[in-house]
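Welcome! Here is a short briefing to read beside the sequence and the 3D view. Take a moment to look around before going on.

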Amino acid sequence: MIRHNLLVALRNLMKYKLQTVVSILSIAIGILTLAVVHTVLHEFKRPAVINEPYFDRLYEVAIIDKEQSGENKLRNNISFEIMREMKAAGALPSAEKVTFPNGLQTYSLPAFYLGDELIAKQDIELIATDDNYLNIFGIRSALTGKKIKVLKPGEAVIGRRMAKQLFGDINPVGIKIKNDNKTWSKNPVLTICDVFEDVSLIEHLIESSNIYYSAGPLCVSTQYTGMPENEIYYSYRMYVVMHEGRTVEQLKKEIGRVLKPHNYSFEVTRPLFYNDKYERFYFSVISGVYVVGSLILLAAIIGFLRMQMQLLWMRRREISLRIVNGARRSQIFLTLSTEVTIVLLLSMLMSILLGVWLEGFYRSNLLHITKHDYIETSSIYISALIIGAILFVISSLIIWLTIRRICKSEGGLAASLRRSRTHFMRNAMLTIQLAVSIFFVCSTIHIYQTTELEYKQYQIPDNDSFYKKCLLCVPFGEYNGIEFKDSLSKLPSIDKLIPMQTCWMYINELHEREDLKDQQLVTRNLYSYVVSDMAFLKFMNIDVKWLPGNADRSRFVLLNESTYRRYKELDIIHNGMLKMQTDYPVAGTFSFLPYDHIGGSAIIIDKEAMQNSDYIMVPKKGRYDELNAETNALVNRMYPAVRRSIVHNLRDNMSVDAFILDCIRSTAMILSIVSLIVCAMGIYSSVALDTRGRRKEMAIRKINGAKTRNIALIFGKTYIIAIALASVINIPASLMIAGIVRAPLNEPQQSAIISLLLGILIVAAVTFVIVFRHIRSAMKVNPAEEIAKE
């Protein structure tokens, strides 16, 4: 029986190859899209502390400096003295627990030792935190499932995915962390005592990419590390869990008593993530993203079910004979559901294969930008399987209900189908497909128009494709020596090696002159590209307008034209010299620097300043991948403890925003094409069914002088109505998308209407072409032969 059902199903699927392939691909892309959406949104789960029994008693205390006003009124640090006083026994009788958020932040290259063996070295932030902060905020251990304990001095915790990235399958507990950062003069050795579950991307002041350690109370962390106080960052907040039965007014009086001698005031509020308005916004955004993410799958499954309904119509004799010969409802169901099972299984398999490709793309192209694995990509496959199982249940239920209706109706299948001549359900499905197609086409047009305007801000050059085929090597400081540079220059696939480093240069007078402190400036520092010679100018195709009077072309600064004019107006260029950390003569200006996202960058030519530089690597023609592999192999050979790739695509690294825009555009285009193909196939099969069932009517009309356009008009009324309804549905959706995408650019609402009209025209044109061509083909049949049948 199973073999028979499989053969029948495969025969029918092979009979309609195009529809079957489109159904499998579209459902697979729909499943993958929704699985990715679910996986990404899972990383935005609600903060862990919300699940704690005391969450309704947790309050945030913001310290306010009475001598400041406006944005500066909130203290950017809390002194050690205040910390000690707040946590002193009896200071806050209403407080059950008091904690301060992240403190000392060290940007460093710590070394990780298992015993005496160096097993990893990674640029990662080591962040001091109050000993009870992670515990109070409900952060859980990935090893035990319990809350992270109150940390002892020298104990550290690391995120699960970061531990996997650094140590592989090695248990991180007990691994020693040594930090050679100059600011850690006492060189303490930290010990990893636990691994915490990766936290939500909206978790409060905690990130999975950092390592958190304790020196005991936060106020003694400088004594523990030897780090000078001017390197300290403390949040201006503290968090208090109140005793049950105590009031906020009691807490305010107690805090006021502690802060009064320090001339500080304060505000006591609920944390942002408890706010009802925030909760409503959170759930509305999550729900909206889920709806948009499921549209492709909705259109695909509707198209597939419509095709199954049409096949049911065309197999009415077969099903009638099975009923007459005593076939049970379950037998008919198994026969028909086998086709659904095969298509959904192939769709799930295809979605998993696409997911593998997507994961590879994420790890090879996006991970070097995020620098941490923020998404649990393996859960995409589990989500895809669950979604496929849900689709199978829904499809099977629809087929079962259809068979039940057929078997119970008087006159069998024919009567049932006569009563369904209105095709209400089929037309409703068609309208939904058209609405989804219009939505994605309009959204793509919105995105393309917006990104074109955004591209102008990122100074994308005409030869953008050339820079996409170049690499940027960003070595860690202590590994960046002459030996490494020489090894890079000798790689077989390299054509050019251009040293370069970027930094913010401190402009002395913009910070020090009293008359400039009230000036509205984008920044008082100058983002600069520091290079050793003119090779960088030639590589970036920079057209320099040289200023007279500077003959020395070995050490100088070039300014953006607008920056140069602004600095001249402010009178901070004296006798052609610009005073920064190091004084440089201004030798010229330029109007365009590729990928200048700052809008006022400078180029410094100074060979002596080239320390710890990055390297632009131009491959020989057609050898981009080979150079990438050779560089990674070199790094792994010279510095095996380094865990993160230091080789990146030049263009994507210099303009991350442009890379993100490319990804958005590509995704929108793929979804639009898929939705259009699904819709086109739905229309094609619908027209095929209509023309097949009304061939005699068409033959009679043709005999009576009807032309192809007359018949097309008769059949096209349904599609005109469907497009009109789909367009009305898309008006609020299109305006909403336009508001989200174009709001930052303050574009007029007319552009959103134009995008909507273009989307409607594109979908209507596709529909018209399909209907007209199919009817034209059907009209070529000899009418006499059609009338003579049956």
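Is C473 buried or exposed? C473 counts as buried, because its relative accessibility is 0%; buried means under 20% relative accessible area, exposed over 50%, and partly exposed in between, with a 1.4 Å probe and protein chains only. This is a predicted model, in which local features need pLDDT of at least 70, side-chain atom pairs count only at pLDDT 80 or more, and totals for chains, interfaces and linings use all residues. Residues are numbered from 1 along each chain as its sequence is written, and side-chain values use heavy atoms, leaving out hydrogens and water.

**Cysteines**
- C470 is also a buried residue, because its relative accessible area is 0%.
- The structure holds zero disulfides (a disulfide is a pair of cysteine sulfur atoms within 2.5 Å).

**Strand β14 and its partners**
- Strand β14 covers residues 494–506 and runs antiparallel to strand β22 (residues 614–619), with six bridges joining them; strands pair if DSSP finds at least two bridges between them.
- In this pairing, L497 sits opposite M617 of β22.
- β14 also pairs with strand β15 (residues 525–531), again in the antiparallel sense, over seven bridges.
- Here W504 stands opposite Y527 in β15.
- Helices (H or I, at least four residues) and strands (E, at least two) are DSSP runs, numbered from the N terminus.

**Helix α15**
- D486 lies in helix α15, which spans residues 482–489.
- D486 counts as partly exposed because its relative accessibility is 36%.
- From C-alpha to C-alpha, D486 and L497 are 9.9 Å apart in space, and they are 11 residues apart in sequence.
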